[in-house]
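Here is a note for a colleague who is opening this structure and would like a guided reading. The points below are numbered, and each takes up one topic.

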Amino acid sequence: MYKEKLDKILLNVQKPARYIGGEVNSVSKDKSKVDVRFAFCFPETYDIGMSHLGMKILYSLKNNVENYWCERVFMPLPDMAAEMRKNDILLYGLESLEPVRNFDFIGFTLQYELTYTNILAMLDLAGLPVLASARKNLNPIVVGGGPCACNPEPLTDFFDLFVMGEGEEVNLELMSLYETCKSEKKSKSEFLEKAAQIDGIYVPLLYNVTYKTNNTINKITPEKTVKKRIVKELDKAFTPDKFVVPFCEIVHDRAISEILRGCIRGCRFCQAGFIYRPYRERSEDKILGNIKSLCENTGYDEVSLSSLSTGDYGKIEELLVRLTNYTSSKNINLSLPSMRIDSFNDEILQQVKSVRKSGLTFAPEAGTQRLRDIINKNITEEDILKGCKIAFEGGYTSVKLYFMLGLPGETDDDLEGIKHLIDKIIDLYYALPNRPKGKQISVSVTLSTFIPKPFTPFEFEPQLSREEITRRRKFLLGILKNKKVSISWSDYDVSVLEAALARGDRRLGQVIMRAWKSGCELDGWEEHFDFEKWEKAFADCGTDMTFYANRRREYDEIPPWAMLDMLVSREFLIAENKRAVSGITTPSCREKCAGCGIGGVCNE
Amino acid sequence: MSKPMRVFFRKTGRAKYISHLDLQRTMQRALKRATLPVWETEGFNPHIYLTFALPLSLGIEGVCESFDIKMTGEISTDEIRAHLNAALTEDLKIICVAEPVYRHTEIQKAEYEILLNETDKFTEFLNQNEIIIKKKTKKGEIQTDIKPLIELRAVEGEKITLLLPAGTGLNVNPIQVISAFGAFRGAELQADVTRTAVFCADGKAFI
């Protein structure tokens, strides 16, 4: 246990409370009575990782089993990492303060491509070889899961296995298998072979990939696919009734309750919209009960609803009335992220306002109806203006709007469309007789760059070149000159790397390794991101980002993730891509089943 | 009708890394979890009202820390303690709850126990003509002589007990004394500091 060693260094680092654990609701166990120890690693800092709901679910799920102990591990910032190396402190679990290298599992949640080098950094800080092939013992088994695991190929060199889909059931099955193998003194390869028999477990070692001379994939063997796991009924899925309450401030320091999973919309650029299918709702009673116990057990005065699109919840108005009855009586603030502008109405606004006024964010994504049809963002200009009108009449004077640059089929007319839309919103504000008195409107616009992702209808599409994205951004900035509008945009360097890693293949393992060895870490942080080192790492491995990011992929090209089955069929994705090209929209699952292939389990 | 209560607690072990601001939030949440009838402010953003007697610097343990709350309902001091303890962690524990006697502004001194890996020549250090420390203020760095402010209570082996000015007026942080001693010795020192008592102007313990 590192308590004494940590006492010597913690006052030399920023915000030491995040490195010492011991928070309310953190779980301590007698290790002599524990058979399987799991280090749940979030490859980002405590402040970010502790805000994540998935981690809270799996943490409680595992710790509810008496002889399993799950601890939390985060990426230390450079000041802490340097102190750890200087004082021979290996990466440790926040509960026991013991090195994770001796644990049975080291699990990483893969939320974002730009955290990949952090995984290598954390394995290294743990005193473990980063390459899976160099870790010969049964323990620790290094596992990955989460949204980026739907194409884990760039990470296969470092991981022993990946969990596909929702982890609630499969995690315990995996740990139980391990428990048996450990007691029977099985080897790592024996364990991995058995693990591959569990539905939803992908063991990359058991697959072989060959390439064509043009560098695309020739063949993946065996042909057997791994299907993602899902929880059929959300009401029956494990839900934690308490969260670890951090001492120090984190990004989202509040209770979170998941109200639905999956999305009925099918926006063609949105990976979450496809990989989290089918659409399932949690019942009002369960949500209310969950929120009550979370607030009682944490003392939080803020609760947020988690979903991909809150307004799609069948009985959203009834739900909000019930929730606000409880939250306002307890002085708890309720926040509603992920509201689609077309599901925004007076009643919802009143519910949100009754506790505290927070900002409003809408995502039209594109400036014209033509382009919104291509991406299947089924909202109209009328919806957008109506949503803004309700907000302004309700006292809001600022709106935040998200747009994407470089969407398939985008032309300069669509960029002008963004300007016209913003002009209309501003005109609408000043035309309202009952607008907030004496106040200016402020519109903040965030421009992101389109990133094609696996398992979406746009997985075939190229990302535009740096030159073209830059030209389009400059064009837009040139026509968007207005004091009431503030604009921010994402860095192309970040977007192109994200695009390359998202659709990358196994050969990117050595690129990631090189990038990390040359000093890349915390790539998601502007002050640490070093694009030149990444470019060099790609070049040193005889490849470049454009092959992965900026190339159109034919329908018959084998994608690196072909051995994985996210339940949405490839035929459907191709059909949707073709509909996009023709500008034909696909109605939401609630209006009409689009035949995505998920079948049976979907009740929409 | 609300009745003021003073809650005495200890902040030890892992909890010494909780900053003062974070501690305030931690206690507010603990009070919420304990579902005690505590008065909340009635403004636009209602929150539990609590005031700490004397903030404790990050990294220092305390065994006689306190904050004040206002109770809005009948509840015994023992019950307050028991409910709060159930809502807190091992390293943050309520010692007792009582009606306040002194006001915060009456605090004048605090006693610290310092476990040092090197106590040799500590008396020589204190017997210097002056002990200058640098303090960062809004106007820049200023130098102060803290020698007349340090009262040595005892040196027993590795343990030094000091009495230092504390409260709304003058304050000396024991960490500053240790780093000055470290500079005097030309060595990097390792110290475990605990605030063991808080005193008022009349020399009596702050209760």
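1. Buried area, as used here, is the accessible area, taken with a 1.4 Å probe, that two parts lose on being put together, summed over both. Between chain B and chain A this area comes to about 2200 Å², and carbon and sulfur atoms give 54% of that value. On the side of chain B, the residues B:Arg14, B:Tyr17 and B:Arg29 supply 37% of the area that chain B buries against chain A, which is more than any other three residues.

2. The model is a predicted one, in which local features need pLDDT of at least 70 and side-chain atom pairs count only at pLDDT 80 or more, whereas totals for chains, interfaces and linings use all residues. Residues are numbered from 1 along each chain as its sequence is written, chains are lettered from A and ligands numbered from 1 in the order in which they are written, and side-chain values use heavy atoms, with hydrogens and water left out.

3. If contact is taken as heavy atoms within 4.5 Å, 33 residues of chain A and 20 residues of chain B take part. Three salt bridges are counted between chain B and chain A, a salt bridge being a side-chain nitrogen of Lys or Arg within 4 Å of a carboxyl oxygen of Asp or Glu. In one of these, the side chain of B:Arg29 meets that of A:Asp253 at 3.0 Å, N to O. Helix α1 of chain B (residues 20-33) gives six residues, the largest share of the side of chain B that touches chain A; helices (H or I, at least four residues) and strands (E, at least two) are DSSP runs, numbered from the N terminus.

4. How are the rings of A:Phe38 and A:Phe105 arranged? Across all chains the whole structure holds 29 aromatic pairs, where rings of Phe, Tyr and Trp (its six-membered ring) pair if their centres lie within 6.5 Å, and planes under 30 degrees apart count as stacked, over 60 as edge-to-face and the rest as tilted. The centres of A:Phe38 and A:Phe105 are 5.4 Å apart and their planes stand at 20°, so this pair is stacked. A:Phe38 belongs to strand β1 (residues 36-42) of chain A and A:Phe105 to strand β3 (residues 105-109) of chain A, so the pair ties together parts that are 67 residues apart in sequence. A:Phe38, with a relative accessible area of 2%, is buried, and A:Phe105, at 0%, is buried as well; buried means under 20% relative accessible area, exposed over 50% and partly exposed in between (1.4 Å probe, protein chains only).

5. In chain B, B:Arg6 is found in strand β1 and counts as buried at 2% relative accessibility. The side chain of B:Arg6 reaches the backbone oxygen of B:Tyr102 at 2.9 Å. Leaving aside residues up to four places away in sequence, B:Arg6 touches, among others, B:Asp68, B:Cys96, B:His104 and B:Phe206.

6. Some backbone details in chain A also deserve a look. A cis peptide bond, with omega about -10°, joins A:Asn139 and A:Pro140, and A:Pro140 has its place in the loop between α5 (116-125) and β4 (141-145). The peptide bond from A:Thr221 to A:Pro222 is likewise cis, with omega near -10°. A:Lys185, a residue other than glycine, has a positive phi near 55° and is exposed, with a relative accessible area of 73%.

Note on methods. A polar contact is a pair of N or O atoms within 3.5 Å; within protein, one must be able to donate a hydrogen and the other to accept it, and residues adjacent in sequence count only if both atoms are side-chain atoms.
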